[in-house]
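Thanks for coming, everyone. I'd like to walk you through one structure today, so please have the picture in view as I talk.

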Amino acid sequence: MTTSIPGEPWSTGVARDGSGALVVGGVPVARLAQEVGTPAYVLDEADLRARAAGYRRAFETAFAEVGAGVDVYYAGKAFLSVAVARWVHDEGLRVDTASGGELTVALRAGVPGADIGLHGNNKSDEELALALDHGVGRVIVDSLVEVERLAALVRSRGGDPAPVMVRVTTGVHAGGHEYISTAHEDQKFGLSVTARDGQDSPAMTALLAVLDHPELRLLGIHSHIGSQILDPSGFEVAARVVLELRAQLARRTGVLVEEVDLGGGYGIAYLPGEVALDPDRIAKDVAASVAAAAADLATPLPRFSIEPGRAVVGPSGLTLYTVGTVKPVRVDDETERLYVSVDGGMSDNIRPALYGARYHAEVVGRLSSAPSVLARVVGKHCESGDVVVHEVQLPGDVRAGDLLAVAATGAYGRSMASNYNLLTRPPVVAVRDGAVRTLLRRETVDDLLALDQG
Ligand SMILES: Cc1ncc(COP(=O)(O)O)c(C=O)c1O
């Protein structure tokens with residue numbers, strides 16, 4: 001049987017024991033299945049902390065070499081719970097949130113408001129007020145309307161000016177699927193840096209509007225170019241565009257903004273043989289290119305920030321399922337595919353259905369010597385697009401009751417989960433040094449019925 005364990009795309013705490021069964025964070029999967037049931041999201045705490053610290057160290061070191069400071073914000077949209085917010089904050093990261101819910105979880109974890117950023121293209125007044133109540137370090141505004149709304153809110157409440165970054169789109173389009181590429185022009189996020197018809201660009205207009213409002217303090221410019229980016233050049237091009245905009249604003253107004261945020265999107269390995277972006281390499285490349293751009297523009301470097309989400313939590317997670325129905329399906333005269341149904345599906349991982357995302361799975365309760373066969377791992381939902389792993393080689397004797405793990409599901413799995421078909425959302429458990437700790441418990445049908453007003 002082919003196995004990629006240990007190694008990418010699995011977390012560093014994943015291994016097979018003498019019997020061939022999978023152990024994660026020192027905990028055998030059979031024990032996990034017994035204690036918490038399946039499906040379950042399993043987070044390798046030591047691996048997650050090491051990735052968070054690794055990104056921080058890599059960027060701090062590389063940017064210090066060119067004379068710039070940098071802050072690393074963990075993008076909570078990838079997965080946020082109170083424990084995870086504490087872990088990343090312990091490791092020296094700040095937290096980027098994208099809703100009142102994420103902001104509340106970060107605050108509940110004890111992350112100071114000053115270490116939190118609030119994003120969103122359609123923030124409600126309640127979300128903006130919550131951010132102001134807790135003194136968040138930055139509100140990343142996404143439209144001219146929001147500039148006016150935030151200024152009016154601060155005016156009505158009194159108090160210090162709100163620290164603001166303006167999210168811009170640089171035209172750089174990087175990463176996988178169209179829905180997860182956020183810097184091209186025809187989309188809902190940010191303000192374009194492109195000037196048309198002799199007018200200021202929308203980005204410049206918004207920057208000037210922020211400067212015009214005494215209720216707002218213009219902290220900087222923000223750019224996020226996409227997700228699952230494996231080619232570093234997109235970051236370098238976008239950084240230069242943002243630094244040019246900053247220099248243009250300085251020439252126009254004399255205000256040289258202090259900060260530039262380069263967003264997230266650092267790609268990871270989802271399949272055996274794929275190579276994740278190396279934080280040390282990308283940090284060095286980006287630091288060198290921003291230093292060169294600042295020198296060309298004859299402006300001092302700002303303080304930078306980045307917002308990795310997937311690269312911190314994605315590889316640390318796996319989803320553990322139990323196999324149910326196994327059905328051979330003749331695809332054509334030559335090909336047969338084994339459809340292996342598991343006890344979850346698109347409700348716990350929507351990414352294959354939403355973006356055609358590819359994952360890797362293995363049978364993990366035992367080591368089989370049966371020859372491998374072409375398989376597709378599917379869920380239990382009433383939807384033929386309910387695919388978990390599109391194509392994978394699994395042992396030909398895979399059968400009901402086998403434990404099956406899907407690698408690298410820590411990001412955008414639980415955070416995008418649904419109750420489709422009224423399935424209850426799986427728990428998130430952390431493993432470390434042989435101990436299991438539940439971060440989010442499994443939902444129950446009673447939880448669902450508690451919402452149902454009859
Ligand atoms: C503004 C912003 N920052 C950071 C991220 C995190 O991206 P990733 O998890 O790919 O690093 C996203 C993802 O959509 C984003 O929109």
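Let's begin with strand 22, residues 428-432: 4 of its 5 residues are buried, so this strand is largely enclosed by the rest of the structure. By buried I mean under 20% relative accessible area, with exposed meaning over 50% and partly exposed in between, using a 1.4 Å probe and protein chains only. Strands here are DSSP runs of E with at least two residues, helices are runs of H or I with at least four, and both are numbered from the N terminus.

Before I go on, a word on the source: this is a predicted model, where local features need pLDDT of at least 70, side-chain atom pairs count only at pLDDT 80 or more, and totals for chains, interfaces and linings use all residues. Residues are numbered from 1 along each chain as its sequence is written, and side-chain values use heavy atoms, with hydrogens and water left out.

Back to strand 22. Which strands pair with strand 22? Strand 4, residues 40-44, runs parallel to strand 22 over 4 bridges, and there Leu43 stands opposite Ala430. Strand 23, residues 435-440, pairs with strand 22 in the antiparallel sense over 5 bridges, with Leu440 as the bridge partner of Val428. Pairing, by the way, requires DSSP to find at least two bridges between two strands. The hairpin of strands 22 and 23 has 2 residues between the strands, and Asp433 in that hairpin takes a positive phi near 50 degrees.

While we're on backbone angles, most residues other than glycine have a negative phi, and most peptide bonds are trans. Asn421 has a phi near 60 degrees, a positive value in a residue other than glycine. You'll find Asn421 in the loop between strand 21 (403-407) and strand 22, and at 33% relative accessibility Asn421 counts as partly exposed. Gln228 also has a positive phi, near 55 degrees, but Gln228 counts as buried at 14% relative accessibility. As for peptide bonds, the one from Thr38 to Pro39 is cis, with omega near -10 degrees; Pro39 is in the loop between helix 1 (29-36) and strand 4.

Now for the annotated positions. UniProt, in an unreviewed entry, places the feature "active site" at Cys382. UniProt positions are given in the numbering used here, feature names are shortened, and annotations may be inferred rather than shown by experiment. Is Cys382 buried or exposed? At 62% relative accessibility, Cys382 counts as exposed. Cys382 is found in the loop between strand 19 and strand 20.

Take two of them. Arg351 sits in helix 11, residues 351-355, and is buried, with a relative accessible area of 3%. Glu383 lies in the loop between strand 19 (372-378) and strand 20 (387-395) and is partly exposed at 42%. With neighbours within four places in sequence set aside, Glu383 is in contact with Met346 and Tyr420.

Let's step back to the overall layout. The protein is divided into domain 1 (14-37 + 316-450) and domain 2 (46-312), with bounds that come from an automatic or database domain assignment. The contact between them takes 19 residues from domain 1 and 21 residues from domain 2. Their C-alpha centres lie 33 Å apart.

Finally, the inside. The largest nonpolar core has 130 residues, and those with the most contacts inside it are Phe59, Phe63, Tyr74 and Leu404. Such a core is a set of buried Ala, Val, Leu, Ile, Met, Phe, Trp, Tyr and Cys residues joined through side-chain atoms within 4.5 Å. This core draws at least three residues from each of domain 1 and domain 2. Not counting residues up to four places away in sequence, Phe59 touches several residues, including Val70, Tyr266 and Ile306.

Key:
Contact = heavy atoms within 4.5 Å.
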